[in-house]
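Good morning, and thank you for coming.

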Amino acid sequence: MANKLLEVKNLKQYFGAAGNPIKAVDGISFDIYEGETLGLVGESGCGKSTTGRSIIRLYDITDGEILFKGKNIHGSKSKKELKEFNREMQMIFQDPYASLNPRMTAGEIIGEGFDIHGLYRNMKERRERIAELLEAVGLNREHANRYAHEFSGGQRQRIGIARALSLNPSFIIADEPISALDVSIQAQVVNLLKKLQRERNLTYLFIAHDLSMVKYISDRIAVMYRGKVVELGKSDEIYNNPIHPYTKSLLSAVPLPDPLTERVRERIPYSHEETEESGKLHEVLPAHFVYGTDNQMKKWTK
Amino acid sequence: MKKKLLEVNDLKINFKTYAGIVQAVRGVSFELFEGETLAIVGESGSGKSVTSNAIMKLIPQPPGLYAGGEIKLEGRNLIPLTEKQMSKVRGNDIAMIFQDPMTALNPTMRIGRQITEVILKHQKISASEAKDRAIKLLDLVGIPMPEKRFKQFPHEFSGGMRQRVVIAIALAADPKLLIADEPTTALDVTIQAQILELMKDIQKKRGTSIIFITHDLGVVANVADRVAVMYAGQIVEYGTVNDIFYNPKHPYTWGLLGSMPDLKNNVKEELRTIPGSPPDLIHPPKGDAFAPRNEYAMAIDYEEEPPMFQVSETHFAKTWLLHPDAPAIEVPESISRRIEGYLKEAQGNG
């Protein structure tokens, strides 16, 4: 069994007034193991991006604990510890147009981390490192002198990936990294992410709403709904044997490139029912967790 | 035989830019029959949205220019029509649903008025009759409590509900042709499935013809009767939905199919990608525009543009691979295996 790289314990992230907060993330727990890809899926507003942002410390969390390599990431930290943490964990954003500074060249964008962390001895080494990164993501070293607007959407996302890799992180949060791209470009970026994972032993949290790509890239999938993880398990298990009615509904809505199946597709509607008692995660099968009350679990697993 | 509603012949659209003339649509021909759905698929910049906007005559001139061809709606060419004549066609005969329901609605106007406005423009009926019809339309598109919703503003609706309102507005004057430009791209999958069901349901009830523009092949398989695959301003493959998904002939179509993960057969091999990026349409390449990205490209692909080869009565593809003298190249193995899996399962289900 691989080691736990990240442990999220009862994470809560509320926004707005304390009296009537918006519970974006409402007590979720999961682990991410070294070298795996955990897919986080759910509809817009379910709290999946908030979860990612809380993990990388973009928000101060309301409650709960996030341990990275056994250390609490929201605990008080010295500047040095903080820098160390920032090197280990990086993020790739959804919009490759908005996430690159238009006034910086690709080389400056990728090299910014080197400057902050002082990771080179001389300018020649810095240039060399940037060139290596560009080549690792399938661009040319000549691209270092170009500005963001000179690249296509897919190429920009590659620059975003090179920037995330620049500090040699062990953990990358990819927040909808392919949603803004064309199908053929999506495949290029997904192949690249998989290749880099193999070569550099990276761990990914892959946040997306497109279940088909998530299923393809992830080892395990967590399904979120209204700020809660409602189902968590191996990708195949979630895909072939969903138990929570929301997961079933979500899966039944994904169109496949197969007209004969599509003609007989039946969508399973989901209506949320509020329960008196609060539910919890039940391990229905080994490593397959479902959120619900005891009564609900009985009904669903019948 | 079904009646032909729309016929597009050799349509060419150019745009004048500072860098030069962009040939966005380079000779597109297709036809649409009554009550059917034609899906147009392709990457961004392939000309699919320009084609659909051209049918609505929504291309601003200048910088746009109808450089050739004709668009015939029930035999009548729309291109020479004046703006005044065209405004009668829009809404009445052809209506459009846009990608972003947030921007397609007027935020300062109640939903009800946005619908009755269209009805009153196109039909001579009283305001109260128009209101009744609008409420019926809201009900038709599956909006609960239509009387109450009639008086609300767009911001009081969710994304999926807003798209339903947009569809209700498009249907207000009972058009024969509905053009849907990526109507579900901005929506969640569950909402997307509901909107697709709604559109199919309306088509069944009213016999509307639909042109559905999308880049999502799953959606195409779900809604389309026939499919046109566009690349670099041209249709490169054209056929029934079964032709395109189970017997694809163009390497670009192979590339598109291969870039989607094969979920059903649970193959985790590397995705096939289309290398490179689409060509610059200011200087379209000589020969086949797809040649530089095509691993099966032959010498002739760089010399001469391929014609549309006929594969079957319904199926056409624009690639030299179909020429009798071309080497026999079959669908890549990963795709043929996937198709076999799909067909086998369909047989199993009876």
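This is a predicted model: local features need pLDDT of at least 70, side-chain atom pairs count only at pLDDT 80 or more; totals for chains, interfaces and linings use all residues.

Residues are numbered from 1 along each chain as its sequence is written, and chains are lettered from A and ligands numbered from 1 in the order in which they are written.

Let us begin with the domains. Chain B is divided into domain 1 (4-224) and domain 2 (238-348), with bounds that come from an automatic or database domain assignment. The C-alpha centres of these two domains of chain B are 29 Å apart. Their contact involves 14 residues of domain 1 of chain B and ten residues of domain 2 of chain B; residues are in contact if their C-beta atoms, placed from the backbone, lie within 7 Å.

Which element gives the most to the side of domain 1 of chain B that touches domain 2 of chain B? That element is β2(B), with seven residues. Helices (H or I, at least four residues) and strands (E, at least two) are DSSP runs, numbered from the N terminus.

I turn now to a single helix. In α1 of chain B, residues 48-55, eight of the eight residues are buried, so this helix is largely enclosed by the rest of the structure. Buried denotes 20 or more other C-beta atoms within 10 Å of a residue's own, with C-beta atoms placed from the backbone. Among the buried residues are B:Lys48, B:Val50 and B:Ile55. Just after α1(B), B:Lys57 has a positive phi of about 55°.

Next, the helix pair. In chain A, the axes of α5 (residues 153-165) and α6 (residues 183-200) come within 10 Å and cross at roughly 20°. Axes are lines fitted to C-alpha atoms, for helices over the stretch in contact, and angles run from 0 to 180 degrees between N-to-C directions. The crossing angle makes α5(A) roughly parallel to α6(A), a term for angles under 35 degrees. Residues of α5(A) including A:Gly153, A:Ile161 and A:Leu165 meet residues of α6(A) including A:Val189 and A:Leu196.

Finally, the two chains: 33 residues of chain B are in contact with 32 residues of chain A. Elements giving two or more residues to this side of chain B include α8 (189-206) and α12 (333-348).

Note on methods:
Angles under 35 degrees count as roughly parallel, over 145 as roughly antiparallel, 65 to 115 as roughly perpendicular and the rest as oblique. A residue is buried if 20 or more other C-beta atoms lie within 10 Å of its own, exposed if 12 or fewer, and partly exposed in between; C-beta atoms are placed from the backbone.
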